[in-house]
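Work through the exercises below with the sequence and the 3D structure at hand, and try each task before reading its solution.

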Amino acid sequence: MADAKAKAVQEKEKGNAAYKKKDFEVALQHYDAAFKLDPTNITVLTNKGAVFYEKGDLEECIKTCEQAVEIGRENRVDFKLIAKALARIGNAYLKKEDLDQAILFYNKSLSEHRAPDVVKKVQEVQTKIKEKERLAYINPELSLEEKEKGNAAFKGGNYPEAIQHYTEAIKRNPEDAKIYSNRAACYTKLMEFALALKDSEDCIRLDPKFIKGFLRKGAILTAMKEPSKASYAYQKALDLDPNNSEALEGYRKSLMAENDDPEAVKQRAMSNPEVQQILSDPAMQIILNQMSKDPKAAREHLKNPEVAAKIQKLMEHGIVSLH
């Protein structure tokens, strides 16, 4: 008996060597010989299942690994070996695109032994199932119906209901940029600016030439008191249509708001190449440092016309002020 098992191990190793060389027929011969010598060695069957998997004979892979599980339970073999056979069945079903059966057998495998690679497989299959369900749910016609219901609710001032319809419309047709714009309008009415901004950005991502997305984003950023960002959004809208009245008015108002905000003015100034050059000059850094510590030093430095001109430029942009 011990001699037979030893010979079985030798045959299995020969099978493994042939498998690595992709000499599958020879591998099967050695695995069959090993199993005849030791009918309780389910690793031989699991390896044989791997051969069928590589050959694309998935039904034989499943059948062989199921036999391995059955024999393993009868002989109370190591639960890790049973788990491996069950995981291989899961692999075969995954290759067949039968996701439900794949996850079923992966979970059976995990109930025997929680192998990290099988845990990862379960997560991957769950993601695929969700994506499959998402794609199956897409229906542009039903999306349009929900969008129209959302439009009616919006016109009636029922913004929460409109959001529900627009959300369903998005699920039914997630590539329609205009629905995101409509939902952003609802969120804006409800002062949910963070959600509105995200929708406007999704709208722009899906259709960068849809001007309404930039107009919506500009209005939201204005409401969020972000005039610099709002002016940029309106500028992008004007790139698409230089004569758009809403973009022109929004851009004008955001610039006025920006000029009323000292911090915004300063930020814009810091992006000015001339201002950057002055501030990066080591000599000017020393002068500005002296002026901040000793206001009298400013009078001395202003006697130098070149320095005075640079300080004047910084004053114009709100970077420094003289008291």
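**Exercise 1.** Describe the chain over residues 177–210.

Solution. Over residues 177–210 the chain is 79% helix and 0% strand, where helices (H or I, at least four residues) and strands (E, at least two) are DSSP runs numbered from the N terminus. The end C-alpha atoms of this stretch are 8 Å apart. Finally, turn to residues 8–41, where the chain is 79% helix and 0% strand, with its end C-alpha atoms 9 Å apart.

This is a predicted model, in which local features need pLDDT of at least 70, side-chain atom pairs count only at pLDDT 80 or more, and totals for chains, interfaces and linings use all residues. Residues are numbered from 1 along each chain as its sequence is written, and side-chain values use heavy atoms, with hydrogens and water left out.

**Exercise 2.** Locate Met191 and decide whether Met191 is buried or exposed.

Solution. Met191 sits in the loop between helix 10 (177–189) and helix 11 (193–206), and its phi is near 65°, a positive value in a residue other than glycine. With a relative accessible area of 60%, Met191 is exposed (buried means under 20% relative accessible area, exposed over 50%, partly exposed in between, with a 1.4 Å probe and protein chains only).

**Exercise 3.** Find which residues of helix 13 are buried.

Solution. The buried residues are Pro227, Ala230, Ser231, Ala233, Tyr234, Ala237 and Leu238. Seen down the axis of helix 13, they fall within an arc of 160°, so they line one face of the helix; the arc is that of the directions from the helix axis to the C-beta atoms. On the other side of helix 13, Tyr232 and Asp239 are exposed.
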